[in-house]
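Visitor: Could you take me through one part of this structure in close detail? I would like to look at aromatic side chains.

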Amino acid sequence: MRPTGRPQPETRRPSPVPELRLARYAWLPLILLVLCGCSDPPAPTDGKADATAAQAPAAAPTPTPSPDDALFPDPQQNRPVPQGVPNILLISVDTMRADHLGCYGHPDKATPNIDKLAEAGRRYETCIASSPITLPSHATMLTGSYPFVHGARSNVRFRLGDENQTLAELLYEKGYDTWAEVAAAVLNREAGLAQGFERYRGPGGGAAATLERPADEITTAALRHIAQRRTRPFFGLVHYFDPHAPYAAPDAFAERFDDPYLAEIAFVDAQIGRLLAALIQTPHAARTVVILTADHGEGRGQHGEASHSFYVFDTTQRVPLILWGPAWIKPGLATETARLIDLAPTIARLAGLTPTGQMQGADLLAPAEHTDVTAYAETLEPQLAFEYAPLRALWQAGWKYIHAPNPLLFHVAEDPGEERNLATAEPERVAAMQATLRKLIEASPPRIASQAAGASGGDARLRDLAALGYVGGEDEPDPDELDRFEPRGRDPHEAQETIVAFARAVGHLRTGDPSEALARLEGLLEEEPGNVLLLQHYADALAGNARPQEAIETFERVLKLRPTATRARLDLARLYREAGRLADAEAALNKLVEEAPTFAPGYVELAGLLDAQNRFDEAAALLKRGQDRTGHDYALELLIARHLAADKRAPEAVRLIQTLIQREPARFDAYELLASLLAAEGQTEQSLMTLATFHQRYPEVRRAIDPLAQSLLRAGRPVEAAQVWQQSMDKLPPSGRRHLQLAVALRRAGQSDDALVHFRKAVELDDKLPAAWLGIAQITERAGDRDGALAAYKRLMETAPGNPQGYLGQAALRQTAGDSVAAADVLRAGVKRVPQSPRLLEALTWLLATAADESVRSCEEAVAMAERLATVAPPSLSVADTRAAALACGGDYAGALAVLDEALAAPGEVPEDFLAQVRQRRGQYADGRSYVEGVSP
């Protein structure tokens, strides 16, 4: 069978990026260079920073150093004390319990590098975190104040307000080079911690796959900063997230430890070893202070808590603290109690600065300040999530008091497991510690950031936090701490079963099991039918179980109970839109932006709805209003840039994109939009440069890989496209689609054998990839493996019965083997399945009209097929040739000649050999003879 037909024209849809005339703007390439060259703001006095970073070694698997390795110089050696202030390297390991480290007594010794750091430095036997929650705890590290002062009291709906003065800001003003590499979306720039950091990089948000960065990637990024030639000291924050659930350590560590949590800690320890080993080899080591700690621990089933956030037992509040820096830190064991609020004033003093009035901690290196230390911690999560009572805790002189509706008192000096509640036996001590707790709050600085300024509701951020397992309600606590000092609501300790069951339900939603989540939530709602948070997640589970009307009704119920529930109103509007209730969706979103004027996702969602109805001017005006009210929201301003581009205001769009890239250099969306603008104008190289620059700076961002490789492929550079996909294989989870993309690139590069390997790997991972089966079929067919090709074409027909390629390929193989009957049967099946396919109609018509096998040739059927072909296929010489063959087969030679003459007279380029064949057939029709395959004219 000869190839027939041609690709059908694509159905064009309105695009936010029209055909722009960017070429007229001579400044655009310069803008592009500025954008791509300044994604990290340069250090004020070190112009070589970016060049040095680019030369840093790539990430490579590094074996865990042995505890016997000399990672640190002997502190007893006589060395000159460095002049000036030290570099500060603050390492925070998320969710790492102190008692799971070897240096804190764990028998498995999974942390040889941390243990070595503790041996060479100063280890604090007891360090208390201010919160069992990531953002509040890190905000405490950087401000030196408790959460009720700095205002960032939970991961969800809160951020660190700009009114705070952070440690990074102080050090930057002192002349420090400040940078941070954070591993989880909960600490992304939107959380407010970036204040004072010249370079602050998180996962970037987006798909769940990009919500956290693994420890090896964090280490590689930190080493780039440390390796820079510098003229000023640095303050670096290095945040590892791996011990956070769900636990998924690399195989080498998962195989060594039966406990997956411990395996994650061991993986982080290996990367800390890699980081410190590299630091020791640099000239910076002698003048660097390393501080290692954690934001909180993990419940691990003790006290009825599997994870963290809802309680303040020592399982989550006692964290490791190790300080190392031979010129500044005296090694040994510190028995005095340390607190995370002590880090900021300690670092400030090391840098020669006076602690701010906001800092409530003491200098750990000034023993006189650490007498009779009192520690405080809190969690508002029970209140925010369930409207239960919040919890506060106070540590003092070996005792611990938990302020709850039913108070708890533990003598932790003798009962470190907090197993014996002595509140009833020691009422006077309970009263005294409660009074001390109240005085601590009274004596604290006033709240730095108001509750309204501290709250944050970015929808993308909320989705990211939900994907990481965090939950939270909509209401914020009363800003007056003393008015709310007495705990109100159900005691969270009495609701452990509800909290655990809810956490499991949320876990099922996260892992894509909404049916199990639904069952668990139904049970919980029987006990607490008015619990708004349970209802919201129940609505999510209903939507996930394809029960949209019930989900809508549940969200409507939520809003009756709590009209200020912004996320519920947003989700309800989305469900309305999916159900085709556009007026209801618009009304809900208008109410949302009216009642929550600083909630940027409301504007973005409403603008999208208006765009879908071609109400572009209204959408543009709405976005401008949202920009004025919400400030610099990334998603909102990115949509504004798309509107500017669609309105042919390219210079303004590019300037806004430039601003977004400079403000958020590690987020891909703005680069992608700029690349699409350039590509639309045909500036392929500039478009590729944009994508390649981002990929070079942030190779671990998965979203950037496919656009770059696909752009290279479209640009006719398949070898480079294949390289990009090949390099990503080791960094990403196994994916049939990625192997398919690599195979396509290899095939276009002329590497058919390698392409076949990856086509086969693609179907091993996902046997429902039609393009992979087609690739296998075509390559094996050309290699002479007829049986293999037939089998692949059959699988293509099974996986994609609406794809004509499977029928066409199998029919061609049957006909080549001389079985025209089977070929005709396959094509008839294809036409029945895909009746509007011009290629199938043309192939079947040709076979019925020209088959040498008279049992196959059917002129009457061929003519009927030719008539159908004329109605669905665009005009071409190939289609005319097929129709003419059918007419000639039926004896209508005049009709055949008329069809061919019309097609031959039409303009267009046709291959000479095909043109000669058509003319030869025309001669036969003029002589009153039909055309039969294989029969000489």
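Visitor: Are Phe 253 and Phe 267 buried or exposed?

Guide: Phe 253 and Phe 267 are both buried, where buried means under 20% relative accessible area, with exposed over 50% and partly exposed in between (1.4 Å probe, protein chains only). A word on the background: this is a predicted model, in which local features need pLDDT of at least 70 and side-chain atom pairs count only at pLDDT 80 or more, while totals for chains, interfaces and linings use all residues. Residues are numbered from 1 along each chain as its sequence is written, and side-chain values use heavy atoms, leaving out hydrogens and water.

Searching the whole structure gives 16 aromatic pairs; rings of Phe, Tyr and Trp (its six-membered ring) pair if their centres lie within 6.5 Å, and planes under 30 degrees apart count as stacked, over 60 as edge-to-face and the rest as tilted. Phe 253 and Phe 267 make a tilted pair, 5.4 Å centre to centre with 55° between the planes. Phe 253 sits in helix H8 (residues 251-254) and Phe 267 in helix H9 (residues 260-280), so the pair ties together parts 14 residues apart in sequence. Helices (H or I, at least four residues) and strands (E, at least two) are DSSP runs, numbered from the N terminus.

Phe 310 and Phe 386 are also a tilted pair, at 5.8 Å centre to centre and 45° between the planes. This pair links distant parts of the chain, 76 residues apart: Phe 310 is in the loop between strand E7 (288-294) and helix H10 (314-317), and Phe 386 is in helix H12 (residues 381-386).
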